[in-house]
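Here is a short briefing on one protein chain. Please look over the sequence and the fold, then read the points below.

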Amino acid sequence: MDVRDARHDLEEFTIAAADVENKFLSDNIIIDLDTIGNPNVDPSVNDFIQQEARQRLLRALAKTVHAPADEDAGGLRPTALNVLRERRHDAILVSARRGEGKTTFLTRILAEIEKYKDWKDLLGSAQGLKDPPRLYSLGLIDPTLIETKQNIMIVVIDRIRIATQHKRKHNGADEEYKVVDRALHKLAEGLSLLDGIGGDLYSGKDWLDPEYVLERGLEEASAAHDFERRFRNYVKVAADFLNINAFVLAIDDVDTWFERGWPVLEAMRKYLATPQVRIILSGDLNLYALLVRQQQWAQMRKEFLNAEKMLEKANGTSQIREIGAMVGTLQDQYLVKVAPPESRINLRPLGSQPPGRKITLKWGDPTTEATLENFVQLLSERVLGIRQKSDTDLIRLKLLQLPLRSALQILAGARLACSASYSSFDEAQSQAEDALRHVAWTALMNLGLDVDKTRDAAPDQILGILSEWLTRRKLWESLARLYPDAVDADDRNLVAIYLTAILNGFFVKSPGKMIDYWLKISTIREKIDRGEISASSDEGVPQLLKHLAADTSESSYQFVSRLASWEAIEGGKEGTRQIVADIRFSGATVPMKRIREWKAAIKELYGFDFENSNDAKVTLSDFINGSSKGGGGSLPPALKGYHDRLKAAGFDYQSYRATKGIKLYYINGLEDLSDNLDRNARLIAHLPIHEIISGQASGQGNFSFLRILAVVGEMIDLMEKPSEDREFSLSEILGSAGMMRSYPTPVAVEGLRLGITDGSDLEVDGDPLDDADLDGIKIETVLAKWLEHHSRKEGQRHTLAPIVLSRVWTRFTYSFQKIREGMVHGESRYLGVLTHRMLISFLHSVGYEALRAANVDVSASLANNPVTSGEFFVRLLDEIYDEKHDSGFHRTGEFAFFDLIFTCPLWGYFLARREQDEVTQPRRLSPNESIFARYSKRTAKYWLEDKIAVVTLRSPGNSEDATFEGLYFLLNTVQLQGQDSPVGRQPSAAKKRRVRLSDVPVEDNPNSAAPDESTA
């Protein structure tokens, strides 16, 4: 072929390929989701997704076809020795990943060629086309479906034969067909050249006979060697007979099976180089490259490569290092010849459509329509529970970058969930989950997650399944948040999206499982992120989860209790027999009953050092009553409220009972304290309490805020139960969770074999549910009214997506560290203060992330975490409950979940209600009063005529019982043990006197809140 002609054709193709803004390109593509997977789809251009690829392919096929010139048989030279002109490799490669719709694309292109004879019908305009060809489709060939003994050339020849004989039969063109028939017979003489046809060309005894060689052998050999010329001639006369310029043949899936694909490429290189056979290849260019590269390496022969390696080892003079580069060169040049770069067309996924292109989805009867963007937004909200714009944008990106077939299957599976109304959430969610599951099946298998376990799991089992899988495959760091943000990791992203859908389905039906997710998944992930435990070591997370019995369906309060027993010996450190007292996220070390170290407790709470109990009794009694130097006014607010209420009830500090003992009047153990409370308060006080057994067989109390959360989670799940059954179920939960239990440390379990069962009950006096001392409404009734209120709104979801839950927990755990560091001896290092601040921080974390998740524009200052002051939470509550959100945020699942959590009646027992309860000087916005006022406004109706969370402390003598607003002050009399550990800021060196507030270092202002530094 002349070089100038080739350059002209290249320029012509380039100009045509660039002309994709043809007026025939539709600005609106309509995809009927009801037809996804239906082969009987009308190939109309209106819903042709790959429009740019279609235009480029048709433009390429529309190039003028120059038939090979007739050779002069009567010339001075034999035609068999002439160089073949117009020999060109211009196959069109349609490249895309598996599942991108290559086969569908090719079949629709061929269907259009078969249907439309006019290029104006195909392209919308014949403008710019120079003598466009008349084409005849030979259909689609899949080499993987050809039998092993078949040769691709035989298939091609046979299809042309079928086309010509069809015309002969129906048009009666017998005379014209004779030319075709002669060319076919001439071609058939050389078929023995092809692999799988006949025997070896030069083998057999006949070749030993000179007469055979001269009469037939050389003639047959000549016919074989002239096969390409004869094939070109056959194609030419067949095209003339059919009155066309060229045949179009599509070859699909050449890249998927090497043994079948390589012969096809070789046939194209050797024989299918005539301009009158337009070849369209489909496949993945990367797989094509591998196929060619494998063959190039195979040509090197094993013996040759071994010899080169031996030479390299002997004296370093071999070519072994250059061979790899040479193979790469051969690979590139082969592909350039067979599929020229200018003839390669890429299919785009749905997410890579050009700007301005609008894709509309339709489905259902009557028809529902939505833009692709709005549909994916609905899918994200309803199937995945994700609303935050940055998250939905990421979901859209990941879903629409999937191969086209996979993306369409997911969209089709979600069409019921995305309808304007549907009768059953279960049905809609199940369809969407099934579609995601089937698309993600291979990814799930690649990552080692049993598909059936995720499909058939019960709500109580799914988190254990995920925990075991994350541990076994060491995926805690990359997949525990289930956020599809991995770069170049399609398996992880697809699995994250699928599992998000699975958990969202569980969360909608069992909202309490979101709290289980915090405690069982997010807590472990945070420990890994903070370097407290290794996710990659076989002795890290696996041992921890074994101790936690994480693969069971036990309640979360059992889980966090075991976590506390693990952390009590500093993260399960091997051989640690003694419990290390401290304040940890899983709980704070506290005395349970008898306070053996009463001197340490007095010093911790009141700042006094004593040599004997008599001095303590007298001095403390005088101090509290203001008859000693310093007066009662110097008591820290956390303790002052306690003693004010004892004195108001007539508790006599000078009485025999008071001076005989210190317990109750000054310091308390958790269990002793709860035994002296009224029925409701006793139930609530028991919830966070459990005992940890050390390797020395000694017990140590632990107060865990996480246990309270676990109980709240179990209560929330009762919303799905009939209202008449809730009070009974609530009593069961409170009774079970409030049972005093012991949890051995890992050393105690495995080393000492104490005979103490994990979670075994401790002996308690009386029935905790006994209402003999009940004065007022039962707490179960209050909690039932709370659940009833939040379950009234039919169809209202109380859900947050796993990624939002993860952000909440990251923010909360970070805040806890700041709270822990900000506690000051003699000022704020008290159990009631700690619990109050943890509660405020937790609620703030939930509220802030709920606003963000619902796309509410939140002030940047509200991102600051409340640590020593609730000021930021006051402002956050004002934003959350602002009337401007009545028609927006207040209708979302995010608001519903926050309001459900915020209004839980249990919090009334742990909130400080006035500024003077926590600090000496009121802070800006008076956060304690403001927060409780908001809380009271939204929860008072649950308590009917009773005041919120009133607690009665039984009198030890003839005085009246003392009345408290919640447990806040009472908890402040329980020592936070571990004061000698580096927890909180220490006061000045204590002499034998009370530590005054003025002695506390002021380099850090305890009244200021620390900003959030996390990237939750």
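**Briefing: surface, cores and selected contacts**

The accessible surface of the protein comes to about 44,500 Å². Carbon and sulfur atoms account for 48% of that surface. The model is predicted.

**Overall make-up**
- The protein has 40 helices and 16 strands.
- Of its 1016 residues, 56% are buried.
- Among contacts with a separation of 6 or more, 76% join residues 24 or more positions apart.

**Nonpolar cores**
- The largest nonpolar core holds 214 residues.
- Within this core, Leu-350, Tyr-606, Phe-842, Trp-907 and Leu-967 touch the most other members.
- Helix α36 (residues 831-853) gives the core its largest share, 13 residues.
- Another core, of 50 residues, lies apart from the largest one. Its members include Val-155, Ile-157, Ala-183 and Ala-239.
- What does Phe-842 touch, leaving aside residues up to four places away in sequence? The list is Trp-518, Phe-705, Leu-709, Trp-809, Phe-812, Ile-901 and Trp-907.

- Strand β1 covers residues 28-32. Ile-29 and Ile-31 form its covered face.
- The uncovered face of β1 carries Asn-28, Ile-30 and Asp-32.
- In a regular strand, side chains alternate between the two faces of the sheet.
- β1 pairs with strand β7 (residues 358-363) in the parallel sense, over five bridges.

**Helices α37 and α39**
- Helix α37 spans residues 871-880, and helix α39 spans residues 927-939.
- Their axes come within 9 Å and cross at roughly 35°.
- The crossing of α37 past α39 is left-handed.
- On the α37 side, the residues in contact are Glu-871, Phe-873, Val-874, Leu-877 and Asp-878.
- On the α39 side, they meet Pro-927, Ser-930, Ile-931 and Arg-934.

**A loop proline**
- Pro-636 sits in the loop between α26 (613-624) and α27 (637-648).
- Pro-636 and Gln-916 are 280 residues apart along the chain. Their C-alpha atoms are separated by 9.6 Å.

Conventions:
Residues numbered from 1 in each chain as written. Predicted model: local features only at pLDDT ≥ 70, side-chain atom pairs only at ≥ 80, totals over all residues. Heavy atoms only, no water. Helix = DSSP H or I, 4+ residues; strand = E, 2+ residues; numbered from the N terminus. Buried < 20%, exposed > 50% of the residue type's maximum accessible area, 1.4 Å probe, protein only. Contact = heavy atoms within 4.5 Å. Areas by Shrake-Rupley, 256 points an atom, 1.4 Å probe, with all protein chains shown as cover. Pairing = 2+ DSSP bridges. Core = buried A, V, L, I, M, F, W, Y, C linked by side-chain atoms within 4.5 Å. Axes fitted to C-alpha atoms, helices over the stretch in contact; angles between N-to-C directions. Left-handed = near helix turned anticlockwise from the far one by under 90°.
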